Amino acid sequence: MPKCYLCPRKCGADRPSSRGFCGADTLRLGRAAPHFYEEPPVSGKNGSGTIFFSGCPLSCVFCQNHELSDGCFGKPVTVNKLADIMLSLQDRGCHNINLVSPTPYVKDIIKALDIAKLKIPVVYNTSGYERVQTLKALEGYVDIYLPDLKYVSGELSEKYSGAADYPSVAAGALSEMMRQRGGCEYGEDGMMKRGVIVRHLVLPSHKDESIAVLKFLHENYDKSKFLLSLMSQYVPDFKAGEYPEINRKLTKLEYRRVSEYAIALGFDGFFQDSSSQSSDFTPPFDLTGIDQ
Ligand code: SF4
């Protein structure tokens, strides 16, 4: 197999005989099941058919999925098995197939989608740390892009996610996603059929960074091309205890300041209340839906 250059790390790992920076070797999954805690037009009443992939090109110190992203927990599957899992979630009535942290497996995902020929939308759920070249390979396969924009500060992105180039890389990735799928469309049931939702998780002690992120989105992108999802669900997890300033939940005041700014800038999208600040919304990574 050729060396892997799928993500901005471009580490050149000789997969599957060796693991990349992201921890990925062969196609590996941690969970596949309906998920009900995405944005309302993605989750709906039947849930989003969510497939969690193992490994991640970022190394966020507060990652809530760290068993998958850092430990690379997961079971190896074939491309045919991945296609079967997608079809099984479709048969269960899920509104879409939601690929979480899919970047290291884009080539396998394209093969599985060619086999499955799904009738429901495909959601690409990503940190935003994506190569434009890799996104271009997904054109026509992905219906809904669900990227984060975590930071615009290279200092913070290096400190908390180990990637000083995250802001410039994510900015280019968002432009490509909006070029492909910008402008949201909905079905008669109110579910999203295509579009881009840009997520931003407000971090404790960093509301000024969140305001800078919103200002960046406002100044650089056409608001008719995407919805904003402003998230307050941060809970200190993984290595957050090593960083006192983020070793707590967000206060209501911090979130309110950022959400008021978003509203003042005219963003359309989704806001959360403080009930979202719970690890209960992170599902167990126990191979549900894989071992069937
Ligand atoms: S996806 Fe993983 S293996 Fe491929 S270039 Fe990125 S870090 Fe390396």
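Student: Which residues of helix α6 are buried?
Tutor: This is a predicted model, in which local features need pLDDT of at least 70 and side-chain atom pairs count only at pLDDT 80 or more, while totals for chains, interfaces and linings use all residues. Residues are numbered from 1 along each chain as its sequence is written, and side-chain values use heavy atoms, with hydrogens and water left out. Helices (DSSP runs of H or I, at least four residues) and strands (runs of E, at least two) are numbered from the N terminus, and buried means under 20% relative accessible area, exposed over 50% and partly exposed in between, with a 1.4 Å probe and protein chains only. In α6, which covers residues 154-161, the buried ones are Leu 156, Ser 157, Tyr 160 and Ser 161.

Student: Why do the buried residues of α6 line one face of the helix?
Tutor: An α-helix has 3.6 residues a turn, so residues three or four places apart point the same way. The arc is taken from the directions that run from the helix axis to the C-beta atoms. Seen down the axis of α6, the buried residues line one face because they fall within an arc of 100°.

Student: Which helices are among those that cover the buried residues of α6?
Tutor: Covering is judged by contact, which means heavy atoms within 4.5 Å. By that test, what covers the buried residues of α6 includes α7 (166-181) and α8 (207-220).

Student: Which elements do the buried residues of α4 pack against?
Tutor: Helix α4 spans residues 106-116, and its buried residues are Val 106, Asp 108, Ile 109, Ile 110, Ala 112, Leu 113 and Ala 116. After α4 comes Lys 117, with a positive phi near 45°. The buried residues of α4 pack against β2 (48-53), α3 (79-91), β4 (97-100), β5 and α5 (132-137).

Student: Is Cys 72 buried or exposed?
Tutor: Cys 72 is found in the loop between α2 (66-69) and β3 (75-76), and it has a positive phi of about 55° although it is not a glycine. Most residues other than glycine have a negative phi, and most peptide bonds are trans. With a relative accessible area of 6%, Cys 72 is buried.

Student: Which residues come nearest to the ligand?
Tutor: A residue is near a molecule if one of its heavy atoms lies within 4 Å of it. There are 13 residues around the ligand, and those that come nearest are Cys 4, Cys 7, Cys 11, Gly 20 and Cys 22.
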